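Dear colleague,

Please find the structure handed over below. My notes on it follow, and I would ask you to read them with the structure open beside you.

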Amino acid sequence: MTFRLTVLGTATPYPRPGNPCSGYLLRTEHTAVWVDAGPGTLAELQRHHRPDLLDAVWISHTHADHAADLLPYYYALLFAGEHPHRPIPLYGPPGLAARLETFLAGADHNPAAAAFDVHELHDGHHAEVGDITLASHAVDHGLPAFGLRATHADRVIAYSGDTGPCPALDTLADGADLLLCEADGAGPHHCTPEDAAAAGRRAKRLLLTHIGHTLTNAEATERARAAVARPGETVVIK
Ligand SMILES: [Zn+2]
């Protein structure tokens, strides 16, 4: 039994050379879920998994640094000779489908539906994707936004999405084998490294991500006493 988190990118609010924006790949032996599709992550994803063979995509919120690569992903699925057996299940905040349709509008009436089977998240939403359970909790980010608690067997990987400290962040973290928590540092609606550390004490392990422009990785690590996720690294939960 292994449950793996691969870091595709952590940058915000725009991708840097060698570091896309927010994106992660959750994998078991049988299931693969792309968690957040920040710009640059579709390319990195391909080092690890075929994009057309993903079991689902989960999007925390519609800020571009978490969702923009859904657009090239649409083209990859429909216009590059890839043939998914069915539209890829896409879990995201209310309004995500309309956002995609607006950008993709062209000859087709409803283009996104050809590529994606969209499921709107709500607080407490549960989805079974292969052998991973995805539980979504509404968090505090100033717009509809969710954190994720992903369970495989009895192992839990939690992800804050973008949020300030809030009860839902604590719920996400409670007893998790790994908490991947943002430490943007530029509030409101974001965590400081100390906020991430406080949530991290509820989990067995804390990994920081999404370090904002007011911080360096070294400062975030020192203040939270936790490592910053490195692009390309894979954390294995056994
Ligand atoms: Zn955001």
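**The zinc site**

Along the chain, the donors of the zinc ion follow the spacing H-x1-H-x77-H-x20-D. Please bear in mind that this is a predicted model.

Which atoms coordinate the zinc ion? They are NE2 of His61, ND1 of His63, NE2 of His141 and OD of Asp162, at 2.1 to 2.4 Å. The angles subtended by the 4 donor atoms around the zinc ion run from 91 to 172 degrees, and the arrangement is therefore irregular. To count as tetrahedral, four donors would need all angles between 85 and 135 degrees.

The positions of two of these residues deserve attention. Histidine 61 is found in the loop between strand 4 (56-58) and helix 2 (64-67), while aspartate 162 is found in the loop between strand 10 (155-159) and helix 6 (167-173); the pair therefore ties together parts that are 101 residues apart in sequence. Both histidine 61 and aspartate 162 are buried.

An open sheet is formed by 7 strands in the order 6-5-4-3-2-1-14, and its pairing is mixed. At the edges stand strand 6 (116-120) and strand 14 (234-237); each has a single partner strand, so one side of each is left without a neighbour in the sheet. On average, neighbouring strands of this sheet are turned by 20 degrees against each other, direction ignored.

How does strand 14 connect to strand 1 (residues 3-9)? The two run antiparallel and are joined by 4 bridges. Within this pairing, threonine 6 has threonine 234 in strand 14 as its bridge partner.

Helix 3 (residues 70-79) packs on the sheet, where it touches strand 3 (32-37), strand 4, strand 5 (88-92) and strand 6. The direction of helix 3 makes about 145 degrees with that of strand 6.

**The cysteines**

How many disulfides does a search of the whole structure find? The search finds 0. For cysteine 21, the closest cysteine sulfur is that of cysteine 181; the two sulfurs are 18 Å apart, which is too far for a bond. Cysteine 21 counts as buried because its relative accessibility is 0%.

Cysteine 181 is in no disulfide either: the nearest cysteine sulfur, in cysteine 191, is 4.4 Å away, whereas a disulfide requires the sulfur atoms to be within 2.5 Å. Cysteine 181 also counts as buried, because its relative accessibility is 0%.

Yours sincerely

Key: Residues are numbered from 1 along each chain as its sequence is written. This is a predicted model: local features need pLDDT of at least 70, side-chain atom pairs count only at pLDDT 80 or more; totals for chains, interfaces and linings use all residues. Side-chain values use heavy atoms; hydrogens and water are left out. Donors are N, O and S atoms within 2.8 Å of the metal (3.2 Å for Na, K and Ca); water is not among the atoms, so sites may look incomplete. Four donors count as tetrahedral if all angles lie between 85 and 135 degrees; four count as square planar and six as octahedral if opposite donors are over 155 degrees apart and all others between 65 and 115; anything else is irregular. Buried means under 20% relative accessible area, exposed over 50%, partly exposed in between (1.4 Å probe, protein chains only). Two strands pair if DSSP finds at least two bridges between them. Axes are lines fitted to C-alpha atoms, for helices over the stretch in contact, and angles run from 0 to 180 degrees between N-to-C directions. Contact means heavy atoms within 4.5 Å.
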